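Keep the model open while you read.

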Amino acid sequence: MTSLFERLKADTEEHHRELEALIDPMKNFCSVAAYKVHLSKTWAFYHPMELHLAALDWSVVGIDFASRQKTPLLEQDLHVLGILGHGGKDAKRPLGRTNFHFALGCLYVLEGATLGGQVISRHLVKLGIGPENGGLFFNGYGSKTGEMWKSFKASAAAYCVTEDQMSEAINGAKATFGRFRESMLARQETISHVA
């Protein structure tokens with residue numbers, strides 16, 4: 001049988017490519033102003049998604065979800081960058097499912113984005129942005145990013161073993177990629193900056 005992560009990768013490849021095209025470093029990280037817009041849209045996705053996922057008891061699957069939440073990092077970056085409020089409005093539409101197999105698919109996208117953030121961090125250095133001055137979110141878990149990814153994979157693979165469970169995780173991942181894409185495509189609301 002194909003492993004959970006082989007299935008997730010194969011079945012969401014198109015979704016992943018579409019999202020990567022929208023998070024184009026040459027466009028979104030070419031200036032501090034463009035970065036602020038991107039970060040605000042990212043918050044609009046993460047905030048409701050993490051609120052939804054935080055309602056689950058992640059200890060059931062052996063995951064400390066609180067330690068994986070990125071909304072506080074985004075909010076700290078937005079504050080450091082002088083954004084009052086958080087720019088675009090968040091999408092409060094619920095995902096419609098709450099079982100752990102679906103939720104693990106959602107978390108697959110979020111944790112994968114944390115891995116990708118390591119690459120984006122290198123682009124931010126060119127703007128003079130690091131973890132201490134607006135780049136905390138993309139720094140992820142810092143030197144522990146690889147370790148956290150492996151830990152997530154082990155927990156998810158142990159919990160999603162049947163075909164139905166894997167299918168539900170794939171549905172969760174696809175839904176999450178879709179929400180992330182919607183957030184990136186959303187028209188940016190006016191962002192107030194601190195003078």
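A crossing of two helices is left-handed if the near helix is turned anticlockwise from the far one by less than a right angle, and right-handed if clockwise. Keep that rule in mind for a model that is predicted.

Begin with helix 4, residues 32–54, and helix 6. Helix 6 spans residues 100–125. The axes of helix 4 and helix 6 come within 12 Å and cross at roughly 155 degrees. Angles over 145 degrees count as roughly antiparallel. Helix 4 and helix 6 are therefore roughly antiparallel to each other. Helix 4 passes helix 6 in a left-handed crossing. On the helix 4 side, the contact is made by Tyr 35, Phe 45, Tyr 46, Met 49, Glu 50 and Leu 53. Helix 6 answers with Ala 103, Cys 106, Leu 110, Ala 113 and Leu 124.

Now turn to helix 9, residues 163–185. Helix 4 and helix 9 pack with axes 8 Å apart, at an angle of about 145 degrees. This crossing of helix 4 and helix 9 is right-handed. Helix 4 brings His 38, Lys 41, Thr 42, Ala 44, Phe 45, Tyr 46 and Met 49 to the contact. Helix 9 brings Thr 176, Arg 179, Phe 180, Ser 183 and Met 184.

Pick out Thr 176 in helix 9. Is Thr 176 buried or exposed? Its relative accessible area is 0%, so Thr 176 is buried. Leaving aside residues up to four places away in sequence, Thr 176 touches Phe 45, Met 49, Cys 106, Val 109 and Leu 110. Phe 45 and Met 49 belong to the helix 4 contact with helix 6, and Cys 106 and Leu 110 to the helix 6 side of that contact.

Next come the rings. The structure holds 16 aromatic pairs. In one of them, the ring centres of Phe 5 and Trp 149 are 5.9 Å apart and the planes stand at 80 degrees, so the pair is edge-to-face. Phe 5 lies in helix 1 (residues 4–11) and Trp 149 in helix 8 (residues 145–159), so this pair ties together parts that are 144 residues apart in sequence. Both Phe 5 and Trp 149 are buried. Trp 149 also forms an aromatic pair with Tyr 108, and that pair is tilted, at 6.2 Å centre to centre and 45 degrees between the planes. Tyr 108 sits in helix 6 and Trp 149 in helix 8, 41 residues apart. Tyr 108 is buried too.

Phe 5 has a further neighbour. Lys 153 lies over the face of Phe 5, at 5.4 Å from the ring centre. Elsewhere, Phe 29, Tyr 35, Phe 45, Tyr 46, Phe 137, Phe 138 and Phe 180 form one aromatic cluster. Among them, Tyr 35, Phe 45 and Tyr 46 take part in the contact of helix 4 with helix 6. Phe 180 takes part in the contact of helix 9 with helix 4.

Two more residues complete the tour. Thr 114 lies in helix 6. At 5% relative accessibility, Thr 114 counts as buried. Beyond four places in sequence, Thr 114 touches Lys 70, Gly 140, Tyr 141 and Thr 145.

Tyr 159 is found in helix 8. With a relative accessible area of 27%, Tyr 159 is partly exposed. Beyond four places in sequence, Tyr 159 touches Val 60, Val 61, Phe 100, His 101, Leu 104 and Gln 165. Tyr 159 and Leu 104 are 55 residues apart in sequence, and their C-alpha atoms are 8.9 Å apart in space.

Conventions:
Residues numbered from 1 in each chain as written. Predicted model: local features only at pLDDT ≥ 70, side-chain atom pairs only at ≥ 80, totals over all residues. Heavy atoms only, no water. Helix = DSSP H or I, 4+ residues; strand = E, 2+ residues; numbered from the N terminus. Buried < 20%, exposed > 50% of the residue type's maximum accessible area, 1.4 Å probe, protein only. Contact = heavy atoms within 4.5 Å. Phe/Tyr/Trp six-rings, centres within 6.5 Å; stacked < 30°, edge-to-face > 60°. Lys NZ or Arg CZ within 6 Å of the ring centre and 35° of its normal. Axes fitted to C-alpha atoms, helices over the stretch in contact; angles between N-to-C directions. Parallel < 35°, antiparallel > 145°, perpendicular 65-115°, else oblique.
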